[in-house]
Amino acid sequence: MAGIRDVAKIAGVSASTVSRVMNGTAHVDEEKKLRVLAAIKETNFRPNELARSLYKKSSKMIGVILPTMENPFFTELAKDIEEAAYDHSYRFALCNSNHDYHKEKNNIRTMTQLNADGMILMSNHEKVWKEVKECNIPVVIMDRQLRDHKELAYIGSNHYEGGKLAAKHMIECGCKYLVHMRGSQVLSSARQRLQGCLDVCKESHIPMDVVDCGYEYHDGIQAICEILERYPKVDGILASNDVTALAAYKVLKNKGYDIPRDIQLMGYDNTNISSMVTPEITTIAQQTKAMGRLAVEIIVNHINQVPFKKETIFDVSLIERETTKK
């Protein structure tokens, strides 16, 4: 494989001249520049990207750290971020912390070592802020807000409104007794959504109970079994996301319940699976494509010293499908 000295020898210039042509760090005589470019083409020379990133303190890469890849909301959001990064000529590096703080901490350090131009972080852990402050690269926090509020920017959804929309729709569909499969109250998104549901139920004088539920399929199985045992009169279930809504539907169907005649069911996130299953799941949609694009644009604007908003909260919307019926 050809190296920079091979290119320099063919072009009849110094290695430093080749470097200046490739990096655009200084003016090079046009005739020499053309010889260098011809030599690069002739040798099919590919520069050492890691070495270039160390020299330029830029890797043209944006890192993304997800809390899990099992939740389709995060994988779909990562896809939207990758597309936006590509449109801005940035590469994309994806890490999965699997809800493990120590793994998340190591992922942040890896992005720093790779000279990532920016990082987009979705975290369950408040204490990760120490790592964010020490990593020396711009960080955009998404979906789950850290209490410190000192990140480069925060992008989220109006989860309080999402909770209100979900509960209001279930009540309009005739539900008289709701149970909310609430996500971890460590997360700002879960707290806001629960409060939205509670406020609507209080205003409408509709009773609502809660069971704790994570965001993965097995969490939904456990939660729906608990609901049926503790709250047999339930006629409306607000799942923690589309995955747990699907788990709830499976258990209910196996136990002979008709959805939505006997029990109405609401998901959250509007991931692809919500419309790929039968019956299709009524859900609350987040604007993942717009959120992912904005996260990348904030990092690019920061690098280019272009002003940007410190915090952006996107609207959510109700998607009515087959697991609810008015």
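I first examined the face of α1 turned away from its buried side, and there I noted the exposed residues R5 and K9. Exposed means over 50% relative accessible area, buried under 20% (1.4 Å probe, protein chains only). Helices are DSSP runs (H or I, at least four residues), numbered from the N terminus.

I worked from a predicted model, in which local features need pLDDT of at least 70, side-chain atom pairs count only at pLDDT 80 or more, and totals for chains, interfaces and linings use all residues. Residues are numbered from 1 along each chain as its sequence is written, and side-chain values use heavy atoms, without hydrogens and water.

I then listed the buried residues of α1 (residues 4-11): V7, A8 and A11. They lie on the same side of α1 because they cover an arc of only 100° around the axis, taken from the directions from the helix axis to the C-beta atoms. After α1 I found G12, with a positive phi near 70°.

I next searched the whole structure for cavities and recorded two of 30 Å³ or more. A cavity is a set of points on a 1 Å grid over the protein atoms alone where a 1.4 Å probe fits but cannot get out; lining residues have an atom within 4 Å of a point. A volume is the space filled by probe spheres set on the points, which are joined across faces, edges and corners.

For the largest cavity I noted a volume of about 170 Å³. Among its 18 lining residues, S189, Y215, S240, Y268 and D269 lie nearest its centre.

Note on methods:
Helices (H or I, at least four residues) and strands (E, at least two) are DSSP runs, numbered from the N terminus. On a 1 Å grid over the protein atoms alone, a cavity is a set of points where a 1.4 Å probe fits but cannot get out, and a pocket is an open set with protein on both sides within 12 Å along at least five of seven lines; lining residues have an atom within 4 Å of a point.
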